[in-house]
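Trainee: I have a model open and want to learn how to read it. Can we go through it step by step?

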Amino acid sequence: MIIVMMGICGTGKSTLGKLLAARRDIPFVEGDDYHLPEAVAKMAKGEPLTDADRWPWLDRLGAAMGEWSAEGKEAVVSCSALRRAYRDRLRAAAPDVVFVYLEGAVDLVRERMAGREGHFMPVALVDSQIADLEDPRGEPGVVSVSIEGRPEEIVGRIEGALGERD
């Protein structure tokens with residue numbers, strides 16, 4: 001199973017993904033590493049990405065996920081996967097994918113973003129991410145988890161939600 005930690009910036013995709021991967025003893029993969037340098041530079045300047053910017057990223061990430069899936073490997077991947085079309089593209093590449101939708105109050109997200117150091121994504125892009133987000137609840141292969149609480153508590157809720165799914 002490939003587990004994709006999804007949601008807008010600042011919801012803890014990487015932090016929670018690393019913790020979840022460590023608990024499951026499987027690799028964690030930073031989805032942002034699959035962005036083209038031009039896309040990272042654009043985001044660093046506070047410019048939102050377009051679909052044209054995102055398709056190459058999703059195709060590169062999806063190809064890797066498809067390989068892992070075909071080899072029977074498991075992984076936890078961070079990827080915003082904001083739109084249904086993006087999630088469908090990843091589902092087509094790796095049919096065993098499960099999305100963990102990390103959701104929380106916008107004020108909490110902004111607070112967390114303001115406290116981050118060394119990340120290319122500025123707080124200014126929160127609004128564009130919210131505008132792009134298509135709520136995944138109700139889609140196949142999606143579990144929704146609140147980002148309220150300490151990381152260990154949130155990961156415990158994620159494990160519970162994934163266990164209920166199995």
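**Reading the model**

Mentor: We start with one side chain. At 25% relative accessibility, W55 counts as partly exposed. Keep in mind that this is a predicted model.

Trainee: Is Y86 buried or exposed?

Mentor: Look at the number. Y86 has 1% relative accessibility. The cut-off for buried is under 20%. So Y86 counts as buried.

Trainee: How many aromatic pairs does a search of the whole structure find?

Mentor: The search covers the whole structure, and the count is one. The partners are W55 and Y86.

Trainee: What kind of aromatic pair do W55 and Y86 form?

Mentor: A pair of aromatic rings is described by the distance of the centres and the angle of the planes. For W55 and Y86 the values are 5.3 Å centre to centre and 90° between the planes. Planes over 60 degrees apart have their own class. The pair is edge-to-face.

Trainee: How many residues apart in sequence are the parts that this pair ties together?

Mentor: Find the helices. W55 sits in helix α3 (residues 51–70), and Y86 sits in helix α4. The pair therefore ties together parts whose separation in sequence is 31 residues.

Trainee: Which strands does helix α4 lie across?

Mentor: Helix α4 spans residues 84–93. Its direction is at about 150° to β4. The strands it lies across are β1, β4 and β5.

Trainee: In what order do the five strands form the sheet?

Mentor: The sheet is open, and its pairing is parallel. The edge strands are β2 and β5 (142–146), each pairing on one side only. From one strand to the next, the twist averages 25°. The order is β2-β3-β1-β4-β5.

Trainee: Which residue in β3 stands opposite I3?

Mentor: Strand β1 (residues 2–6) pairs with β3 in the parallel sense, over four bridges. Strand β2 (residues 28–30) also runs parallel to β3, joined by three bridges. There, F28 stands opposite V76. Opposite I3 stands V76.

Trainee: Which residues of β3 point the other way from A75 and V77?

Mentor: In a regular strand the side chains alternate between the two faces of the sheet. In β3 (residues 75–78), A75 and V77 point one way, and all four named side chains are buried. Pointing the other way are V76 and S78.

Trainee: What is the bridge partner of V100 in β5?

Mentor: Strand β4 (residues 97–103) pairs with β5 in the parallel sense. Five bridges join them. The partner of V100 is V143.

Methods:
Residues are numbered from 1 along each chain as its sequence is written. This is a predicted model: local features need pLDDT of at least 70, side-chain atom pairs count only at pLDDT 80 or more; totals for chains, interfaces and linings use all residues. Side-chain values use heavy atoms; hydrogens and water are left out. Buried means under 20% relative accessible area, exposed over 50%, partly exposed in between (1.4 Å probe, protein chains only). Helices (H or I, at least four residues) and strands (E, at least two) are DSSP runs, numbered from the N terminus. Two strands pair if DSSP finds at least two bridges between them. Axes are lines fitted to C-alpha atoms, for helices over the stretch in contact, and angles run from 0 to 180 degrees between N-to-C directions. Contact means heavy atoms within 4.5 Å. Rings of Phe, Tyr and Trp (its six-membered ring) pair if their centres lie within 6.5 Å; planes under 30 degrees apart count as stacked, over 60 as edge-to-face and the rest as tilted.
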